[in-house]
Amino acid sequence: MKRSKHKALRATAALIAGAAGAAMVGGLASASPKASGGHITLTYWNGFTGPDGPTVKALVNEFNKTHPNITIDMSIMPWDTFYTKLLPALASGSGPDIEAMDTQQLPQYAEKHVFLPLNSYYQHSPDTHALAKGAVAATRVNGTQYGVPVNYAPLMMYWNKTLFAKAHIAGPPKNWSQWMSDAVKLSHGGKSPQYGIALADNNTIPVWPILLWENGGGIVNSSITKSVLASPQSISAVEQWSKLIIKDGIAPKNITGADADSLFQAQKAAMEVNGPWATTGYTQAKVNYGLAPVPAGPKRTLTLTDVTAMSINAKDSAAKVKAAETFFNFWNAKATQIDYAVHTGFVPTRTDVTAAELKKNPQVALFEQAGHNAVPYQLGANFTNIDTNTWTPAIEKILDGAPVKSTLESASQQIQSYLG
Amino acid sequence: MATRTLKSRLWYPWATKQRRRRTRVAYLFMAPSLIVLGVFMFYPLVRAGWLSLTNYSFFGASRFIGLSNYGHLVHDPQFWRDLVNTLYYAGVVTPVSVALALGLALLLNRKGLPGRGLFRAAIFLPAVVSFAVSAIVFRFMFTPSIGFLTYWLGQIGIHVPDWLDSVSLAMPAVILVGIWKNVGFYMVIFIAGLQTIPKELYEAASIDGATRWRRFSNVTVPLLSNTTMFVTVIALIASLQAFDQIYVMTQGGPAFSTETLVMLIYRQGFTNFQMGYASAIAYVLMAIVLMLSLLQLKFFSKRVVRY
C-alpha cells in the first residue's frame with residue numbers, strides 16, 4: 001500500500017514536472033526568435049500613427065514580400081505609449097528587436113546600454129555614405145552610432161494665405177521684425193478670436209529653442225556641458241516673444257503641439273512652425289497654406305530638424321542583427337526613400353536624391369532646402385530632466401506672468417546641476 | 001484559553017473535527033479571492049516596500065540603500081509641491097462632492113418630484129463613464145478658441161479663459177471634472193442611506209412641531225452618519241489618488257501646477273525610471289491616506305446615533 005502510494009506520488013510529481021517543463025519549453029519557444037528553417041521574424045515598434053503611418057506600413061509590407069526569409073512584425077502605437085512601454089519591455093526581455101525613436105531621446109537609452117552600437121554597420125554597409133550627415137550625427141552618442149535614420153524633418157513656417165490676404169499682408173515674413181509685426185496684425189480678439197501664430201510649448205516638437213538660437217542664445221551649449229539659458233541672448237529672446245504673447249495676444253498661452261495644430265487647421269491661427277508630417281492633414285482640411293523658411297533671427301538663421309532613428313535591441317542574436325541590417329539597407333535605399341518622401345513630405349535621408357526624382361511632391365524640395373539651415377535639438381542623456389522637467393515648466397511660468405530673467409536664471413541653475 | 005480548548009476537544013472531539021472541516025471549506029471558498037488579492041494587492045505592496053529601500057531603476061544592479069529614498073524625499077521640493085497640490089485637490093473635491101451629493105440625494109429622494117428617475121440617471125451617468133473618456137471630452141471643451149465652452153460662450157460675448165493653460169486655473173478645471181465625475185456615485189449611496197431611515201421618525205418629529213431644518217439636523221444627519229462616514233472616506237481616498245483626468249487633461253502642467261503625488265509617482269517611475277524612489281513616494285502616500293482615513297473614522301464613530 002505504502003509502496004503503491006509512493007509510486008503514485010512519484011508519478012504525479014513526474015507528471016507535474018513534465019507539464020512544467022513542457023510549459024517552460026513552450027514559453028521559451030514563444031519568447032525566442034522565430035528563426036526556424038532560416039526564417040527570421042523581427043518585431044518593430046514605432047509611433048508612426050500620423051499621416052505617414054500608411055506609407056510606412058506599405059513599405060514594410062513590400063520588404064516582407066521581397067525578403068521571404070525575413071518578416072518585420074510591426075507595432076505602431078502612440079509615442080507616449082511607446083516611451084512608457086519601451087524601457088520596461090527591454091528590461092524584462094520582451095522588448096522589440098528594432099525600434100524607432102526621436103534621436104532627442106536616444107542618449108537616455110544608449111546610456112543604459114539597451115541598444116546595439118552600430119559603428120560596424122556604418123563601416124561595412126555600402127549605402128551609409130549617402131545618408132545626410134546631420135541625420136547620422138543625430139544618432140551618435142559620445143562617438144558611438146546607436147541608430148540609423150528613418151526620417152529627417154526640418155521645421156518650416158506654415159502660413160495661411162487666406163488670413164494673410166485678409167490682413168493685407170503680401171507674403172510670409174522674412175525676418176523677426178516682419179514676423180512680429182505680422183503676428184500682431186493677424187491677431188484679434190472678439191467673438192471669434194484669431195491668433196497670429198500658434199506657438200506650442202509643451203508636448204510638442206520644440207519650437208521655442210529655435211527662437212533662442214536665432215537670437216544667439218540657447219538652452220545648453222553645443223557640447224552639452226553648460227547651460228546658456230540665462231545668457232542675455234536667451235533672456236532677450238524669451239522677453240520679446242513672451243511680451244508679444246501676453247500683451248499683444250499673438251498666440252494662446254501654454255498650448256500643446258496638438259492644440260497648435262488644431263488652431264492652424266481651424267484657421268484660428270495664421271502661422272505655425274511645424275514639420276512635414278503636418279502637410280497631409282492641412283491639405284485634407286483644405287487649408288490654403290504656404291510653406292516658408294523660419295524667418296531669419298537677429299543673430300542667426302536657423303531651424304530645428306527632427307530625426308527619427310531605428311536601433312537594434314542589444315540582446316538580439318547575430319542572425320537577427322543581420323536581418324535588421326538588411327531592413328535598414330532596404331529602408332535607406334534610394335527607391336524606398338523616394339517613395340517615402342513623395343508620399344509623406346519628409347526629406348529623404350539620403351543626399352543623392354535629385355529634385356527631379358521628387359517632383360511628384362514639390363513640398364519635399366522646400367523642406368530639403370530648409371534642412372540646409374537646420375540642427376537637431378540635442379540635450380544628451382538628461383533630455384527629460386532638462387527639457388520636460390525644467391525648460392518647459394519655466395516657459396509655462398513665464399507665459400503665466402512670472403518674471404523672465406529670474407525664472408530663466410533659476411531654470412538655468414537647475415539645468416547646470418543636471419549637467420554637473 | 002488553552003484549558004478551555006483542550007476541555008472542549010476532550011468533551012466534544014466530533015465538534016472539533018467538524019469545525020476543522022468547516023474551516024477548510026471556508027478557506028477553499030475564499031481561496032480564489034485570496035489568490036487574486038495576494039497576487040495583485042499584497043505581493044505588489046510588499047514588493048513596493050522592498051523597492052523603496054533600493055535604488056532599482058529597471059537597469060543595472062539594484063542596491064539596498066536603506067531609508068535613503070525617504071531621506072531624499074524630505075528634501076525634494078517636487079514632493080512638497082505635489083503634496084500641496086494633492087491636498088488642495090482633495091481639500092476641495094472631497095467636501096464639495098460629498099455636500100453636493102447629499103443635497104442632490106435629498107432633492108431626488110422626494111416622492112412626486114417630476115422627472116426624478118431621469119435626473120437620478122443623468123447625474124449618475126458620469127460615474128459609469130471612464131475617467132479618461134470624461135477627461136478627453138472636458139479637454140476638448142476647454143481647448144482655447146475652438147473648444148465647445150470657449151467657442152460657444154465666446155459667441156455670446158462670454159470669454160472663457162484658457163483654463164487648462166493657466167497655472168492658476170488648471171487645478172480648478174481638473175477639480176471640476178473630479179466633482180462632476182464622482183458626485184453621482186456618492187448621491188446614489190446617500191439615497192440608499194436616506195431610504196433606510198424609518199418614516200415614523202419624521203412623522204413623530206412633525207407631530208412634535210419640528211421644522212424642516214430640525215428634522216434634517218436632528219433625524220436625517222445623525223441617522224445618515226454611517227453613510228456619510230463611508231462616502232467621506234471613499235471620497236477622500238479617491239481624491240488623494242487623483243490621476244486619470246489630470247494625466248489626460250494637463251499631464252500635471254502647466255508648470256507642474258496640477259501634478260499630484262500619484263502623477264509624481266508615475267513620472268518618477270515610468271519617465272525617470274527611478275522605481276525605488278517612486279515606491280518610497282507611494283508608501284508615504286499610503287501612510288497619508290491611512291492616517292487621514294483613521295482620523296475620519298474616529299471623528300464619525302463618535303457621532304453615530306441609533307434610535
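In the predicted model, helix 16 and helix 17 of chain A are roughly antiparallel to each other, because the angle between them, about 175°, lies over the 145 degrees that marks this class. Helix 16 of chain A covers residues 383-399 and helix 17 of chain A covers residues 404-419, and their axes are 9 Å apart. On the side of helix 16 of chain A, the contact is made by A:Asn385, A:Ile386, A:Thr390, A:Trp391, A:Ala394, A:Lys397 and A:Ile398. Helix 17 of chain A contributes A:Val404, A:Thr407, A:Leu408, A:Ala411, A:Gln414, A:Ile415, A:Tyr418 and A:Leu419. By class, the residues of this contact comprise ten nonpolar, four polar and one charged.

Helix 16 of chain A also takes part in a contact with chain B. The buried residues of helix 13 of chain B (residues 261-271) pack against helix 16 of chain A. Within chain B, these buried residues pack against helix 4 (77-108), helix 11 (225-240), helix 12 (244-249) and helix 14 (275-301). Helix 13 of chain B is mostly covered, with eight of its eleven residues buried. The buried positions are B:Leu261, B:Val262, B:Met263, B:Leu264, B:Ile265, B:Arg267, B:Gln268 and B:Gly269. Just after this helix, B:Phe273 adopts a positive phi of about 60°.

Chain A as a whole contains 17 helices and twelve strands. Its C-alpha atoms occupy a box of roughly 100 × 50 × 45 Å along the principal axes. Of the 420 residues in chain A, 53% are buried. The chain exposes about 17,900 Å², of which 57% is supplied by carbon and sulfur atoms. Considering contacts in chain A between residues at least 6 apart in sequence, 73% link residues at least 24 apart.

An open sheet in chain A is formed by four strands in the order 8-9-7-10, with mixed pairing. Strand 8 (195-198) and strand 10 of chain A stand at the edges; each has a single partner strand, so one side of each lacks a neighbour in the sheet. From one strand to the next, the twist averages 20°. Strand 8 and strand 9 of chain A pair in the parallel sense over three bridges, and A:Tyr195 has A:Ala269 of strand 9 as its bridge partner. Helix 8 of chain A (residues 176-185) packs on the sheet and touches strand 7, strand 8 and strand 9 of chain A. The direction of helix 8 of chain A makes about 140° with that of strand 9 of chain A.

Strand 7 of chain A (residues 156-160) is mostly covered, with five of its five residues buried. Strand 7 of chain A runs antiparallel to strand 9 (residues 269-274) of chain A, to which four bridges join it. In strand 10 of chain A, A:Ala292 is the bridge partner of A:Met157. In a regular strand, side chains alternate between the two faces of the sheet.

Conventions:
Residues are numbered from 1 along each chain as its sequence is written. Chains are lettered from A and ligands numbered from 1 in the order in which they are written. This is a predicted model: local features need pLDDT of at least 70, side-chain atom pairs count only at pLDDT 80 or more; totals for chains, interfaces and linings use all residues. Side-chain values use heavy atoms; hydrogens and water are left out. Buried means under 20% relative accessible area, exposed over 50%, partly exposed in between (1.4 Å probe, protein chains only). Helices (H or I, at least four residues) and strands (E, at least two) are DSSP runs, numbered from the N terminus. Two strands pair if DSSP finds at least two bridges between them. Axes are lines fitted to C-alpha atoms, for helices over the stretch in contact, and angles run from 0 to 180 degrees between N-to-C directions. Angles under 35 degrees count as roughly parallel, over 145 as roughly antiparallel, 65 to 115 as roughly perpendicular and the rest as oblique. Contact means heavy atoms within 4.5 Å. Ala, Val, Leu, Ile, Met, Phe, Trp, Tyr, Cys and Pro count as nonpolar, Asp, Glu, Lys and Arg as charged, and the others, Gly among them, as polar. Accessible areas come from the Shrake-Rupley method with a 1.4 Å probe; for residues, only the protein chains shown count as cover.
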